[in-house]
Amino acid sequence: MRQAQQATTYAELCLGGTDGRYIRSDFFATMVLAEAHLAAGELERACRTALDALTIGRQLKSARCVSYLAAFRKKLDTRSDSTAVAEFLEEAAGYRLWQQAAA
């Protein structure tokens, strides 16, 4: 739990000063934040944050981004009985990077 709190703090600091100038960095920091929320058991926040990352990632073509999403997806599989996760999976299906992470 302590690591999740530290990751949350770090990711929020990273996102605080970029003003959208570093899309790839913003994507990774947002995914770190999503993973931290997931590790803390905050499913709704994790899913909302991952959707933010997917929105940021619309402009990206990166195997590394896809691998981050694939890892997140595997962690979500253990929580597929959650309504928040089910809704996230439905919405995420429309994003290219998420589709690639599923392949």
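Q: Why are helix 2 and helix 4 called roughly parallel to each other?
A: In this predicted model, the axes of helix 2 (residues 23-39) and helix 4 (residues 63-77) cross at roughly 10°. Angles under 35 degrees count as roughly parallel, so helix 2 and helix 4 are roughly parallel to each other. Axes are lines fitted to C-alpha atoms, over the stretch in contact, with angles from 0 to 180 degrees between N-to-C directions.

Q: What makes helix 2 and helix 4 meet?
A: Contact means heavy atoms within 4.5 Å. Residues in helix 2, including Phe 27, Met 31 and Leu 38, meet residues in helix 4, among them Tyr 68, Leu 69 and Phe 72. By class, this contact has 11 nonpolar, no polar and 4 charged residues. Ala, Val, Leu, Ile, Met, Phe, Trp, Tyr, Cys and Pro count as nonpolar, Asp, Glu, Lys and Arg as charged, and the others, Gly among them, as polar.

Q: Why are helix 3 and helix 5 called roughly parallel to each other?
A: Helix 3 (residues 43-56) and helix 5 (residues 83-92) pack at an angle of about 10°, with their axes 9 Å apart. Helix 3 and helix 5 are therefore roughly parallel to each other.

Q: Which residues and atoms count here?
A: Local features need pLDDT of at least 70, side-chain atom pairs count only at pLDDT 80 or more, and totals for chains, interfaces and linings use all residues. Residues are numbered from 1 along each chain as its sequence is written, and side-chain values use heavy atoms, with hydrogens and water left out.

Note on methods. Helices (H or I, at least four residues) and strands (E, at least two) are DSSP runs, numbered from the N terminus. Angles under 35 degrees count as roughly parallel, over 145 as roughly antiparallel, 65 to 115 as roughly perpendicular and the rest as oblique.
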